[in-house]
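Reader: Hey, I'm new to this one. Can you walk me through a couple of spots?

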Amino acid sequence: MELLESVGSVCVTVLIAIVLGSLVGTLITQPMTFLQDKVRQRSMLVLAGVVAVPTFIWLVGSDTDAIIASDEGSKVADTVWGVTIALGASALLFISFNMMFNQVTKSLARFSALLGATIGFVVFGLLDGNRLIQWVGPRDSLANNAHSWVNHGPWTLLIFSLIIAGGVGALAGIIVGTFRERVQSTLLVFIPISLFLGFIWGLFYAERIPVDTTITLLWTPLVGAIVVGVVGYVLSQLDQPSRLIAGTAAGAGIGLMIGGLLKTVYLPRISIIPLLTWGIGLAIVGAVLSRLRKRPPIGGALLGGAIGWLIGAFVATKVGGPRFEAMINTAIPLALVGARFSVRDHPGIVEKAKIDLKSRAWIFLMPAMSFITLGLTVPLIRTIYLSMLRTGRDPETKQRVTEFVLLDNYKDIFTNPNSFNVGNWRNIFTSAPFEIGSSLIMMGLVAAFLLGRRSGNGFRGSSIILPITSLVLLAGAFYEFRLLRGSTSVDEAALAQDVAAAAGAPSWRYLYLFAFLVGGLALLVLTFSGGRVAGQDGLNLDLGGGHLGAIIFGTFLVGMAMFASLRGTLLNSLWWVFAVTTISTSMGLAIAALADRAKFENLAKSIIFMPMAISFVGAGIIWRFMFIARPDGDTQTGVMNYVWLKLADFSQGDGVGRLLTIIILVGLLASLVWLAFSSYQHDAGSLAYGSIVVAFFVGWLLWRLLDHRLGGTGVQVTEQILEGRTIQFLSQGLPYNNLWLMVVLIWIQTGFAMVIFSAAIKAVPTEFLEAASVDGANESSIFWRIVVPQIVPTIGVVVTTLIVTVLKVFDIVKVMTNGNFGSQVIANEMWFQAFTAGNQGLGSALAVVLFISVVPVVYFNVKRIQEGA
Amino acid sequence: MRHSRIKSLLTLLFAFTLVTAACSGDETTSSGDGANVDAGETTEAPATTEANDEEPAETTEAAMEDDLSGTTVTISGPENSELDAAGIAAAFADFTAETGITVEYSGSRDFSDNIGVQAEAGTTTDIAIFPQPGKVADFARDGFLLPITDEVKAATDANWAAAWNEFGIVDGTQYAIPVKTDLKSLVWYKPGAFEAAGYDVPETWDGLKALADTMIADGNTPFCVGIESGGATGWTFTDWVEDLMLRMEGPETYDAWVAHEIPFNDPKVAAVWNEVIDLWNAPGMVYASGGSIAATPFAENAQPLLDDKCMMHRQASFYTGMFADGTAFADGSDNAVDVFFFPSVKGDKPVLGAGTLAAAFNDRPEVWAVMEHMTTPAYAEARQAAQASIQGGISGFLSAAKGQDMSLYTPLEQSFIEILTTAEVVRFDASDLMPAAVGAGTFWSEGTAAVNGDKSVAEALDAIEASWPS
């Protein structure tokens with residue numbers, strides 16, 4: 001421990017020495033032409049190294065307490081040092097890699113050696129850093145491995161290591177190329193290196209060198225760098241076919257070494273079926289991919305086979321095999337990798353130039369790519385594998401039993417009514433949102449038809465919208481009919497709710513029945529008669545005006561009706577996606593459009609953007625407080641219920657205020673109707689529709705106010721008890737309580753949508769807007785017909801981003817209801833199954849489902865970005 | 001010239017290699033130093049791992065023969081309030097002074113979720129304090145826990161009754177030791193309010209129901225009930241069910257129910273559920289400060305009881321900590337709060353208890369020394385004294401360890417311990433014994449759904465039965 005700490009503090013000093021040295025050196029030498037002496041550049045770098053290494057050695061041996069005090073204050077220093085190191089190391093890396101790629105055109109051998117060294121450093125560093133390999137092991141772990149030759153005592157081991165290493169080296173050297181190359185590589189490179197490795201390895205097992213983590217930390221990547229670097233160098237010196245042989249042999253040798261060093265607990269078994277399935281399977285995939293990219297398929301096949309073999313050996317099988325099998329399992333894939341990189345000839349001048357040019361981007365990309373691979377691809381494969389397992393306990397022995405169940409976990413997800421329940425689909429057609437939504441769609445379509453007929457332009461041909469809408473409406477009519485007949489095939493509870501909502505006025509039902517029937521039939525006629533009704537060469541639906549809003553809102557309501565009836569975790573998550581994405585996008589767009597060029601634009605936008613700064617957990621807690629209900633009669637502490645009950649008081653009062661409100665509301669209603677009528681006459685469609693929609697709301701408000709039920713739940717009408725009742729936002733009124741959870745995310749995400757849309761709207765060329773104004777278009781037409789089509793790509797980006805965010809929603813549900821009251825979503829269920837209930841398989845399956853549902857959206861987004869570029 | 005170039009580049013690479021490699025070591029160390037022990041991977045305390053992986057066993061054994069000073073033992077557990085943390089710290093203060101072993105405790109709300117992940121990754125603390133014996137059994141059978149040593153076994157047998165040690169025994173081997181106990185079968189009430197209204201403490205379940213009806217008739221609300229508790233919403237309901245299950249069906253059926261020898265949707269279970277839910281749903285029966293039972297946090301039942309919004313509240317002994325500062329307990333004053341034993345149905349007096357159990361993950365002498373200390377009355381006394389002095393009376397802590405200095409406890413707490421140590425039938429909280437998928441999952445969530453009226457009792461029970469792991 002102390003030594004580790006000292007190394008930590010020491011490396012700070014050393015790094016600074018190197019970084020400063022090389023930075024200063026490079027800064028001095030690089031930009032100034034008169035100092036562009038390469039010897040000088042390099043000597044500066046060498047100087048840094050020369051200063052650093054002895055400093056390092058000296059510091060390792062010195063008293064560490066003197067370097068960094070162990071008090072609390074040193075934590076600040078640690079942080080500062082950490083940042084310095086990160087910056088310095090990045091700079092150093094960048095410079096070094098640039099210098100490395102400089103070598104492509106100058107000396108391929110040097111470049112290959114350096115590249116090999118880098119790869120070796122990273123690979124061995126990763127293996128060592130993740131404690132997958134172990135140069136020294138406690139005696140007992142070796143003793144456990146009874147079949148291992150490692151068990152025969154240190155000196156046998158040492159000799160054995162030497163033989164293996166030397167043998168591999170000699171073999172690799174002997175089969176290499178020309179006589180000169182043979183001698184050169186055998187004597188100078190392979191055998192010494194292999195012997196050196198074998199010697200060190202043996203010594204470690206013999207415990208001749210003091211066992212210390214520091215040393216293994218230091219020298220594992222170093223050895224890897226040297227070995228692979230040398231391989232790189234040699235390969236660059238050889239020509240086919242000896243190059244291929246040497247590459248394969250070297251790969252196998254490195255593989256043997258890694259396999260020999262693997263920690264006992266990670267030793268895989270050789271199990272033929274997964275090895276062959278994965279190996280051959282991925283080899284074919286690789287070959288096909290290479291073929292598609294118009295390259296020789298052999299390269300892809302080799303690489304695919306290698307990856308497949310590794311998966312087959314280390315992921316798909318159980319660990320616990322002998323060391324011998326582990327060495328084979330690592331040697332074969334690495335031999336394939338070696339062959340893959342040796343199968344190509346040396347790059348020509350053009351290719352060298354390409355590497356030189358293109359590779360520099362990789363200096364930045366590589367770390368990101370490897371993090372993504374390690375952080376995404378590997379866990380993904382692992383999760384998919386886990387999702388096919390099921391862990392249970394043997395009823396007799398109570399031991400944990402894991403069995404491979406293939407897709408049973410997925411089957412569970414889709415058959416469990418808690419996660420997927422479409423049994424109540426009939427309720428869709430009897431729910432209020434469906435009735436209102438379909439009415440709005442009908443109105444919108446009729447308007448689109450009328451406008452299209454008048455202007456003769458618009459959306460031509462009988463589209464798919466018409467037959468679908470028509471069928472949906474007819475189905476609605478059918479279920480209205482059954483509801484009125486008192487049929488019980490509809491869910492009892494929903495029926496009771498609907499009857500309560502209709503408040504003993506079945507005439508409403510007949511109205512809906514009539515409307516659905518007429519609307520459905522009319523659209524059906526339109527569908528089949530097409531152009532004849534329109535009197536032109538096709539059916540013209542003008543879908544560019546304000547009535548598009550009515551159609552969109554109607555569709556939204558129908559969707560809400562659908563999700564309110566189809567229940568379960570999966571569908572609930574989809575409901576979140578549907579509702580939050582739609583509402584956030586449209587509200588963001590509306591705010592961006594309305595605030596555009598307004599005086600208070602910046603202030604308004606800042607305020608609406610603010611929730612973005614609040615974490616989901618924080619927002620969940622805030623809104624929980626807002627939703628809190630206290631018992632009827634107590635003082636309400638939740639804002640929402642407080643306002644609600646105040647409204648109730650107001651609604652029930654008999655004072656002047658109430659009379660005044662009624663007069664105001666009636667006036668408002670009248671003026672809205674007048675506005676709608678005059679707008680229609682003046683061909684301002686959107687204003688007309690906007691007025692009608694607002695008029696509906698005002699009318700509803702007025703009706704509730706007159707009916708003494710504003711703020712009341714309305715169930716006590718018969719007793720004429722009219723006191724206000726609190727609303728349990730989160731736990732009652734299922735499934736609509738979910739909406740109150742969604743409100744939180746909408747509250748957060750609207751700001752995001754608004755900011756993006758605002759930028760997009762400002763980017764619409766003013767010439768278009770001015771031209772439209774000159775042509776006599778009003779603000780609404782300009783928005784729907786000019787601005788919206790211009791920002792369609794932005795809408796795509798916002799929608800896809802929101803969908804991904806919403807699919808992942810976890811915190812809000814966890815904090816506010818923890819999935820109780822029918823509000824469970826996939827992410828929270830995944831957490832519960834995997835970590836609380838201990839059903840890792842089911843949890844992983846949910847994770848995969850979540851992943852799969854995100855993939856198309858991400859794909860769409862990436863494709864869009866690529867098209868843009 | 002050519003050679004010097006290679007050399008210089010190699011030197012650079014070498015230096016860089018050295019430094020980065022060294023720094024990777026540095027990062028491990030500094031993250032291990034962090035105080036936050038429950039944060040997943042960073043928990044990989046270098047001390048622990050190295051001791052396991054790299055230090056030869058002989059070294060540590062040699063160290064034990066000398067003394068254990070300078071060693072550190074880490075403990076994690078679910079208790080994360082300041083009060084509990086202070087109590088646990090105090091319980092080890094003398095121990096550390098004597099032995100030189102530093103003990104670091106970290107409490108986390110998400111202990112139950114985290115410990116499984118940490119066990120899989122091999123990054124647990126040395127000792128974990130489990131609130132659920134069911135989890136101890138799972139961990140023991142999966143090979144994560146170590147059987148306690150003979151010394152610890154001897155100590156715990158001497159200090160704790162066999163009934164409590166029983167909870168740490170899995171398949172005949174003891175893995176965990178009891179460290180804290182709770183008494184669940186209690187009803188909190190205000191004797192002053194009862195006296196003023198002329199109510200008597202009921203002796204039987206029917207008597208309790210009759211009393212509740214009388215209270216409603218008098219315009220009082222009998223019960224405060226709230227089952228909301230964040231991620232654990234519903235556990236209060238399961239406590240009611242368990243207490244009544246024990247009373248209505250007897251301990252044998254209770255054990256069969258816990259062991260899943262009778263299905264969860266058995267008519268006997270349904271009867272108990274209906275008994276609870278019907279009682280709660282009776283008009284005027286329940287005051288729920290959050291507007292509905294399912295929306296009322298369990299801790300928010302204390303104030304309404306003090307404010308006379310309700311007359312009774314069934315909750316465990318630790319509930320003392322939920323009452324406002326300065327609340328008087330069982331001292332005869334007008335506003336004092338007292339408890340009566342949850343009445344029996346058949347005339348017996350079964351006790352529903354709960355508690356925490358400590359078990360070791362790592363085999364080091366200092367770990368066993370700490371475990372041994374945790375079984376002693378000295379540990380309980382120190383923690384009780386510290387928490388009592390912070391709270392100024394009732395501590396919220398309770399231990400049934402034998403041989404404690406009872407004067408450290410208030411009379412009310414003494415009566416709790418009396419009940420725990422003398423009861424003929426003691427049963428552990430059933431949800432803590434069941435598999436986590438049920439006990440910390442569907443039992444809570446489906447119970448909540450049934451209480452909230454989202455599901456019928458039959459639907460909820462069927463769903464729980466379906467979720468019982470095979």
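Reader: Is Ile133(A) buried or exposed?

Author: Ile133(A) is buried, with 4% relative accessibility; buried means under 20% relative accessible area, exposed over 50% and partly exposed in between, using a 1.4 Å probe and protein chains only. This is a predicted model, where local features need pLDDT of at least 70, side-chain atom pairs count only at pLDDT 80 or more, and totals for chains, interfaces and linings use all residues. Side-chain values use heavy atoms, with hydrogens and water left out; residues are numbered from 1 along each chain as its sequence is written, and chains are lettered from A and ligands numbered from 1 in the order in which they are written.

Reader: OK, and what does Ile133(A) touch?

Author: Not counting residues up to four places away in sequence, its contacts (heavy atoms within 4.5 Å) include Phe124(A), Thr220(A), Ile258(A) and Leu262(A).

Reader: How far apart are Ile133(A) and Leu262(A) in sequence and in space?

Author: They are 129 residues apart in sequence, yet 4.2 Å apart in space, C-alpha to C-alpha.

Reader: Switching topic: how many cavities of 30 Å³ or more are there?

Author: Seven, from a search of the whole structure. A cavity is a set of points, on a 1 Å grid over the protein atoms alone, where a 1.4 Å probe fits but cannot get out; lining residues have an atom within 4 Å of a point. Points are joined across faces, edges and corners, and a volume is the space filled by probe spheres set on them.

Notes. 1 Å grid on protein atoms, 1.4 Å probe; cavity = no way out; pocket = protein on both sides within 12 Å on 5 of 7 lines; lining within 4 Å.
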